[in-house]
Amino acid sequence: MKSKLFLFLFILFTLPALAQYQFKWSGSFTVPALDTINNRFPTPVAFTIEWNELNHFMIGIYKDNYIDAPINISGKSNLDGRNVSVQHPTLGTMNLTSSTSTASNGKVSVSISTQTNIFNILANMASLSNSSFCSTGFGFLSGYCGTYAGSNFEMEDGNNLCNLVTFQPLLIEILPNTDVNVVTNGNRQKIGSIPLDPLSGTMSISTHHCGAIPDTVLDPAHCQTETLQGEFSQVSDQHVFNGSFKIVDENNGSTCIYNLSLNQKVL
């Protein structure tokens, strides 16, 4: 167990050395000329953050036009957004926070707090899909890892047993370790993994589950088959998924099916 933990930490904290990253923010903010920082910021601070994510941990680098070398950064991501901490040599501790709800058209609202100021900016965002971090074992789907969100609607639920999209849209997550999750109303379920080095974007994966399923009133004494199937593709520079998510009660055949049309989210 200790050796596995050491290996995980070694991989996670040496990710910046890979020099290739999954995600990127870039933007600028102006710091008032204050005596406490010796008037060192007369012009906007133009910054870039690049990072990789593994199990919702963010590891990467921060750069701006006032420092000579990149600063290693760490942070966390969740369904609401991301939070990054930077130890800046002049500004001290900086916290950058984004909100999932504000991400659109290559932009995201980012709140930057320092020891003396708070800045709210609209930053550029990008998915660095050529990153090798999501290529090994991904085959055709190299660069497709991340969160997918968009439109989804209920196609079948004759017995009104499922409420998967009542409060929040259904999301798909593809992790760098090839695991695939379905997220419903904040509840995360692993459905399976991407087949090793797939030759196309077509995917059909299933999991066998016994017991209660969040956001359903399916009989917890029964077992169910959950299936995610469809096709990943690229439209212009956007990775998309079109398909369905289905739950079938193995005891009585009760079925819930949701149609999915999702885009890769970059926050």
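Colleague: Is R188 buried, exposed or partly exposed?
Modeller: In this predicted model, R188 is partly exposed, with a relative accessible area of 36%.

Colleague: And which residue does R188 form a salt bridge with?
Modeller: The partner is E173, and the closest N and O atoms of the two are 2.6 Å apart. R188 belongs to strand β12 (residues 187-193) and E173 to strand β10, so their pairing ties together parts that lie 15 residues apart in sequence. E173 itself counts as buried, at 3% relative accessibility.

Colleague: How many salt bridges does the structure hold?
Modeller: There are two; besides the one between R188 and E173, the side chains of D179 and K190 meet in a salt bridge, at 3.3 Å from N to O. Here D179 sits in strand β11 and K190 in strand β12, so this pair ties together parts eleven residues apart in sequence. D179 is buried, with a relative accessible area of 15%, whereas K190 is partly exposed at 48%.

Colleague: Changing topic, which residues touch the most other members in the largest nonpolar core?
Modeller: That core has 29 residues, and I172, L228, F245 and L260 touch the most other members. Several strands supply at least two residues each, among them β10 (171-174), β14 (223-235) and β16 (255-265), and β16 gives the most, with four.

Colleague: What does I172 touch?
Modeller: Leaving aside residues up to four places away in sequence, its contacts include Y148, V180, L228, F241, L260 and L262. There is also a second, separate core of 27 residues, which includes V45, M58, I67 and I73.

Conventions:
Residues are numbered from 1 along each chain as its sequence is written. This is a predicted model: local features need pLDDT of at least 70, side-chain atom pairs count only at pLDDT 80 or more; totals for chains, interfaces and linings use all residues. Side-chain values use heavy atoms; hydrogens and water are left out. A nonpolar core is a set of buried Ala, Val, Leu, Ile, Met, Phe, Trp, Tyr and Cys residues joined through side-chain atoms within 4.5 Å. Buried means under 20% relative accessible area, exposed over 50%, partly exposed in between (1.4 Å probe, protein chains only). Contact means heavy atoms within 4.5 Å. A salt bridge is a side-chain nitrogen of Lys or Arg within 4 Å of a carboxyl oxygen of Asp or Glu.
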